[in-house]
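Open the model in your viewer and keep the sequence panel beside it. This tour goes stop by stop: select, look, move on.

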Amino acid sequence: MPGESAVGFTTGATMANFTALAAARDDVLRRAGWDVARHGLGGGPAVRVVVGAERHDTVDVALRYLGLGAPDVVAVDHEGRVRPDALEESLAEAGTGPAVVVLQAGNIHSGASDPFEETVETAHRHGAWVHVDGAFGLWAAASPAYRHLVRGHEGADSWATDAHKTLNVPYDSGLCVVRDAAALQAAMGVQGAYLLRDEVCQPLDKVPELSRRGRAVPVWAVLRCLGRDGVAELVERLCRHATSLADALRTMPGVTVLNDVVFTQVCATFGSDERTDEVVQWLLADGTTWMTGSTWHGQRVLRISVSNWSTTDEDVERSVEAVRRVATEIA
């Protein structure tokens, strides 16, 4: 992250997205000559938000909270990555005006990240603010082995991630990072005669909430404990487990792994949608492993998201055997 960035600790990635997009909304309107803090949205220029077809639903929720409405959607490839040509075409057609582009680090089904080098450059060339929703995928940047997956993300204007995903601090720990600290403070800052102030930007100037616990403390504690190498090893271990699970699934008759397993996500089908749902239900009832169902590319899938620091090679083996046993029993 750029060293000049401001960091706010929120209740999760949903509110981290909200916070960053609030700064984005206000900044692009300010550049267009409109003071949203003073005048509100009514009567001002419309803010166009462009997203990929497989963005996380929490992006849409955040936009709704911010009064920006539904985003414009551009095409993605088979792994859910924004197509640079589609983004270029969409921005060129819209012409000038306040715009925000939301990119993604870590598709919840494939684990893939958008091609940041191309898409960030394209968005900035058209004058847009670039926000990266990286709830779990942004942690790839912590590993030398997986950093290439998010190459170019540092060129964005804001980022959102979760500390409870990958870093494994308790729930209720999102991080919002905004390159322009003044833009974040302008959007979130609160004034009150009773509040103690100094020249340093306060935590209450970076997030929506005033009364809250010290969310930075567990994040600091884990980072202090693991260190740079420890975080990298954690990321690489989770990815190794995902690869092992996918490799084992591919050996089972009638099982198809749909995604390129590049990070921590695996999606598999068991023939028909009905059989896939049966496998999911039986696995949950069996209780050996926790894997859930989802829908991706119009098919029902078993979705595996490897995210727990305590998962071992033995856990992976037991999980594979549970899937094999269940798939055989309902053949």
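**Before you start**

This is a predicted model: local features need pLDDT of at least 70, side-chain atom pairs count only at pLDDT 80 or more, and totals for chains, interfaces and linings use all residues. Residues are numbered from 1 along each chain as its sequence is written, and side-chain values use heavy atoms, with hydrogens and water left out.

**Stop 1**

Select Arg25. Its place is in helix 1, residues 13-31. Helices (H or I, at least four residues) and strands (E, at least two) are DSSP runs, numbered from the N terminus. Is Arg25 buried or exposed? Arg25 counts as buried because its relative accessibility is 15%. Buried means under 20% relative accessible area, exposed over 50%, and partly exposed in between (1.4 Å probe, protein chains only).

Now show what Arg25 touches: Val36, Leu41, Leu66 and Leu68, not counting residues up to four places away in sequence. Contact means heavy atoms within 4.5 Å.

Move to Val36, in helix 2 (residues 36-39). Val36 is buried too, at 10% relative accessibility. Leaving out residues up to four places away in sequence, Val36 touches Arg25, Asp26, Leu29 and Leu41.

**Stop 1: Asp157**

Select Asp157, in the loop between strand 5 (129-133) and strand 6 (158-162). A salt bridge is a side-chain nitrogen of Lys or Arg within 4 Å of a carboxyl oxygen of Asp or Glu.

**Stop 2: helix 8**

Select residues 273-286, which form helix 8. Colour Arg275, Thr276, Val279, Val280 and Leu283, which are buried. They lie on the same side of helix 8 because they cover an arc of only 145 degrees around the axis. The arc is that of the directions from the helix axis to the C-beta atoms. On the other side, Glu274, Gln281 and Ala285 are exposed.

What do the buried residues of helix 8 pack against? Show strand 9 (265-269), strand 10 (292-296), strand 11 (299-305) and helix 9 (313-329). Then step to Gly287, which follows helix 8 and has a positive phi, near 85 degrees.

**Stop 3: salt bridges**

Side chains of opposite charge can pair when their charged atoms come close. How many salt bridges are there? The count comes to 19.

- Asp72 and Arg48: the closest N and O atoms are 2.5 Å apart. The pair links strand 3 (residues 72-74) with strand 2 (residues 48-52).
- Asp313 and Arg240: 2.7 Å, N to O. Asp313 lies in helix 9 and Arg240 in helix 7 (residues 216-250), so the pair ties together parts 73 residues apart in sequence.
- Arg325 and Asp286: 2.9 Å, N to O. The pair ties helix 9 to helix 8, 39 residues apart in sequence.

Notes:
The expected span of a helix is 1.5 Å times one less than its number of residues.
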